[in-house]
Amino acid sequence: MRVTTNQPPAPLTPEATAQILHENFAPWILTLNLSVEQTSPTSVTTRLPWSPTLAREGGTLCGQALMAAADTTTVLAISAARGGFCPMTTVQQNTTFQRPVQETDVLITASITKLGRTLAFTDIVMTPAPTTGTPLGPPAAQATTVYAILG
């Protein structure tokens, strides 16, 4: 006799989530050097390391890099919550930039607000990484996304 439960799959570990990143994303996304810092049943936090190659004139981290990191972290959060990667695509991403980032890593946390069978909704907070012994400061940017789950 087969027993079934209605429990969701166990969320993925940071290591398994990092493997999804390296196996399923375009090579140019991998050049962002994102690392998976933390996973939970409803969120993933990645780190976008500071690089002068991601800076625009004046030494400020460009918005395109933040948006790509937010989009990528969202896919990882949905994958972690579902217990593995499946095909999905961005339907909508709305990003608000609140303050510049200069010469520091950024922590990107994508939190799932609703995970359905065919759509997922997330909130993303992008915060400059604190230095040792200092608290996390205010966000540099925030985003919301809607994803279509294809598989």
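In what pattern do helices and strands follow one another when the protein chain is read along the sequence? The order is α-α-β-β-β-β-α-β-β-β-β, which comes to 3 helices and 8 strands. Helices here are DSSP runs of H or I with at least four residues, strands are runs of E with at least two, and both are numbered from the N terminus.

Before I continue, a word on the basis of these values. This is a predicted model, in which local features need pLDDT of at least 70 and side-chain atom pairs count only at pLDDT 80 or more, while totals for chains, interfaces and linings use all residues. Residues are numbered from 1 along each chain as its sequence is written, and side-chain values use heavy atoms, with hydrogens and water left out.

Let me begin with the overall form. Along the principal axes, the C-alpha atoms fill a box of roughly 65 × 35 × 25 Å.

Of the 151 residues, 40% are buried. Buried means under 20% relative accessible area, exposed means over 50%, and partly exposed lies in between, with a 1.4 Å probe and protein chains only. The accessible surface comes to about 8,400 Å², and carbon and sulfur atoms account for 53% of that surface; the areas come from the Shrake-Rupley method with a 1.4 Å probe, and for residues only the protein chains shown count as cover.

Contacts, by which I mean heavy atoms within 4.5 Å, can also be sorted by sequence distance. Among those between residues at least 6 apart in sequence, 63% join residues at least 24 apart.

Which residues does Val106 contact, leaving aside its neighbours within four places in sequence? They are Thr46, Arg47, Leu48, Leu61, Leu66, Val101, Met126, Thr127, Pro128 and Ala129.

Leu107 has its place in strand 6 and is buried, with a relative accessible area of 16%. Not counting residues up to four places away in sequence, Leu107 touches several residues, including Glu37, Thr45, Val125 and Leu136.

Beyond its neighbours within four places in sequence, Met67 is in contact with Gln93, Thr95 and Phe97. Ala16, in helix 1, is also partly exposed, with a relative accessible area of 26%. Ala16 and Ala80 are 64 residues apart in sequence, and their C-alpha atoms are 8.5 Å apart in space.

Next, the loops. Gln98 sits in the loop between strand 5 (88-97) and strand 6, and is partly exposed at a relative accessible area of 41%. Not counting residues up to four places away in sequence, Gln98 touches Pro139, Ala140, Ala141 and Gln142.

Glu103 is found in the loop between strand 5 and strand 6 and is exposed, at 67% relative accessible area. Its phi is near 50°, a positive value in a residue other than glycine. Asn33, in the loop between helix 2 (27-30) and strand 1 (35-39), has phi near 60°, again positive in a residue other than glycine. Asn33 is exposed, with a relative accessible area of 51%.

Finally, charge. There are 7 positive and 8 negative side chains, and the centres of the two sets lie 14 Å apart. Lys and Arg count as positive and Asp and Glu as negative, while His and the chain ends are not counted; each charge is placed at NZ of Lys, CZ of Arg, CG of Asp or CD of Glu.
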